[in-house]
Amino acid sequence: MVQTIINRSDVPLDARDLKMCQCVFDEVRSVAKVAKDSEEAERIAAITIELYRQGVRNPDHLKVMVGAARGLIAPREE
């Protein structure tokens, strides 16, 4: 029998997944002062979903990584 390897990114998101992504999206968008119907909001949503599909499931980590992907996090001074 041939086993199919299912990549986590191929599994559909359920209501809980979407709710968490929505909360992260809303917070990142609000902090960045981005209009909900703007192209930038679409980018934030796409980044949020992609990172979630790649396995970033902790909301705080997801927020930081979405911000970093958008260039919102300033480099640390040493």
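At what angle do the axes of α2 and α3 cross? In this predicted model, the two axes come within 10 Å and cross at roughly 130 degrees, an angle that makes α2 oblique to α3. The crossing of these helices is right-handed. On the α2 side the contact is formed by Ile 44, Ile 47, Thr 48, Leu 51 and Tyr 52, which meet Leu 62, Met 65, Val 66 and Ala 69 of α3. Sorted by class, the residues of this contact comprise 8 nonpolar and 1 polar, with no charged residues.

Helix α2, which spans residues 39-53, also packs against α1, the axes of the two helices coming within 10 Å and crossing at roughly 140 degrees. Here too the term oblique applies, because the angle makes α1 oblique to α2, and α1 passes α2 in a right-handed crossing. The residues that α1 brings to this contact are Asp 17, Met 20, Cys 21, Val 24, Phe 25, Val 28 and Arg 29, while α2 contributes Ala 41, Ile 44, Ala 45, Thr 48, Ile 49 and Tyr 52. By class, the contact of α1 with α2 holds 10 nonpolar residues, 1 polar residue and 2 charged residues.

When neighbours within four places in sequence are left aside, Met 20 is in contact with Tyr 52, Arg 57, Pro 59 and Leu 62. The C-alpha atom of Met 20 is separated by 10.0 Å from that of Ile 49, a residue 29 positions away along the chain.

Asp 17, likewise placed in helix α1, is buried, with a relative accessible area of 13%. With neighbours within four places in sequence again set aside, the contacts of Asp 17 are with Pro 12, Tyr 52 and Arg 57. The side chains of Asp 17 and Arg 57 meet in a salt bridge, with an N to O distance of 4.0 Å. Since Asp 17 lies in helix α1 and Arg 57 in the loop between α2 and α3 (59-69), this pair ties together parts that are 40 residues apart in sequence. In contrast to the buried Asp 17, Arg 57 is partly exposed, with a relative accessible area of 28%.

The structure holds 6 salt bridges. Side chains of opposite charge can pair when their charged atoms come close. Arg 43 forms a salt bridge with Glu 40, in which the closest N and O atoms are 2.7 Å apart; being 3 residues apart in helix α2, the two partners are separated by about one helical turn. Arg 43 counts as partly exposed, at 43% relative accessibility. Glu 40 also forms a salt bridge with Arg 70, for which the closest N and O atoms are 2.4 Å apart. Because Glu 40 lies in helix α2 and Arg 70 in the segment after α3, the latter pair ties together parts that are 30 residues apart in sequence.

How values were computed. Residues numbered from 1 in each chain as written. Predicted model: local features only at pLDDT ≥ 70, side-chain atom pairs only at ≥ 80, totals over all residues. Heavy atoms only, no water. Contact = heavy atoms within 4.5 Å. Axes fitted to C-alpha atoms, helices over the stretch in contact; angles between N-to-C directions. Helix = DSSP H or I, 4+ residues; strand = E, 2+ residues; numbered from the N terminus. Parallel < 35°, antiparallel > 145°, perpendicular 65-115°, else oblique. Left-handed = near helix turned anticlockwise from the far one by under 90°. Nonpolar A, V, L, I, M, F, W, Y, C, P; charged D, E, K, R; others polar. Buried < 20%, exposed > 50% of the residue type's maximum accessible area, 1.4 Å probe, protein only.
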